[in-house]
Amino acid sequence: MGAINTDTSTRKFTDMDAAALRASMGRFEGVCVVATVNPDGTPDGSIFMPSMPDDEHVILMLANNNTRANIERTGVARMVYDVANPTAADKAARHAGARLDLALVRPEGETAAEHQRVAESLPHMNPAVMILRIERILPVG
């Protein structure tokens, strides 16, 4: 999570673009791990079911937990989304997904208008909703 644009993929798995991710999440096909950093520098990882209201944002429903606190503190997260197909004969077809660098869209400050626009498109906006902008999409493999 930073300004380095290094693609470390092996290209052994299928990559998903924003439209494919959105469609897959809408079908609840995959598993999603959200990675953040705790205040002491240790990693935090949690499993969530995200949604995408458009091709530029991810929605997470988070209670008051470490992941939420870390995102609110740092403003960033890394998400790995994977759709497994363990019976595929070809290794490249066994996983589809992406790694996403995410930035928090806050309801105040410079991202307030963006937050309002996305929130208006959500059918069930509540205090647990976190809106994150997709900064970069990388392959899973």
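**Exercise 1. Helix 2 and its ends**

Find which residue follows helix 2 with a positive phi, and which residue caps the N-terminal end of this helix.

*Solution.* Start at the end of the helix. Helix 2 is followed by G75, and the phi of G75 is positive, near 80°. Keep in mind as you work that this is a predicted model. Now go back to the start of the helix. N65 caps the N-terminal end of helix 2, with a side-chain oxygen 3.2 Å from the backbone nitrogen of T67.

**Exercise 2. The buried side of helix 2**

List the buried residues of helix 2, work out how they are arranged around the axis, and name the strands they pack against.

*Solution.* Step one is the list: T67, R68, N70 and I71 are the buried residues of helix 2. Step two is the view down the helix axis, where these buried residues fall within an arc of 165°, so they line one face of the helix. Step three is the packing. The buried residues of helix 2 pack against strand 2, strand 3, strand 5, strand 6, strand 7 and strand 8.

**Exercise 3. Salt bridges between elements**

How many salt bridges does the structure hold?

*Solution.* The structure holds seven salt bridges. Begin with R22, which bridges to D55 with the closest N and O atoms 3.9 Å apart. R22 is partly exposed at 36% relative accessibility, and D55 is partly exposed with a relative accessible area of 36%.

Turn to R133, which forms a salt bridge with E114, the closest N and O atoms being 2.7 Å apart. On accessibility, R133 is partly exposed at 23%, while E114 counts as buried at 16%.

To finish, look at R78, D101 and R136: these residues are linked in a network of salt bridges.

**Exercise 4. Helix 1**

Describe helix 1 from its cap to the residue that follows it, including its buried residues.

*Solution.* At the N-terminal end, D17 is the cap: a side-chain oxygen of D17 lies 3.3 Å from the backbone nitrogen of A19. Within the helix, A18, L21, S24 and M25 are buried. Seen down the axis of helix 1, these buried residues fall within an arc of 130°, so they line one face of the helix. Strand 4, strand 6, strand 7 and strand 8 are among the elements that cover the buried residues of helix 1. After the helix comes F28, with a positive phi near 55°.

**Exercise 5. Strand 2 and its partners**

Sort the residues of strand 2 by face, then find how strand 2 pairs with strand 6 and strand 3.

*Solution.* Here is the general rule: in a regular strand the side chains alternate between the two faces of the sheet. In strand 2, the covered face holds C32, V34 and T36, and the uncovered face holds V31, V33, A35 and V37.

Now the partners. Strand 2 and strand 6 run antiparallel and are joined by five bridges; the bridge partner of C32 in strand 6 is Y81. Strand 2 also pairs with strand 3 in the antiparallel sense, over six bridges, and the partner of T36 in strand 3 is D44. In the hairpin of strand 2 and strand 3, five residues sit between the strands, and G41 takes a positive phi near 90°.

**Exercise 6. The whole chain**

*Solution.* Count first: the protein chain has three helices and eight strands. Read along the sequence, the pattern is β-α-β-β-β-β-α-β-β-α-β. For burial, 42% of the 141 residues are buried. For contacts with a separation of 6 or more, residues 24 or more positions apart account for 70%. Finally, the chain exposes about 7,700 Å², with carbon and sulfur atoms supplying 55% of it.

Technical notes:
Residues numbered from 1 in each chain as written. Heavy atoms only, no water. Salt bridge = Lys/Arg side-chain N within 4 Å of Asp/Glu carboxyl O. Buried < 20%, exposed > 50% of the residue type's maximum accessible area, 1.4 Å probe, protein only. Helix = DSSP H or I, 4+ residues; strand = E, 2+ residues; numbered from the N terminus. Arc of directions from axis to C-beta. Contact = heavy atoms within 4.5 Å. Polar contact = N/O pair within 3.5 Å; in protein donor to acceptor, adjacent residues only side chain to side chain. Pairing = 2+ DSSP bridges. Areas by Shrake-Rupley, 256 points an atom, 1.4 Å probe, with all protein chains shown as cover.
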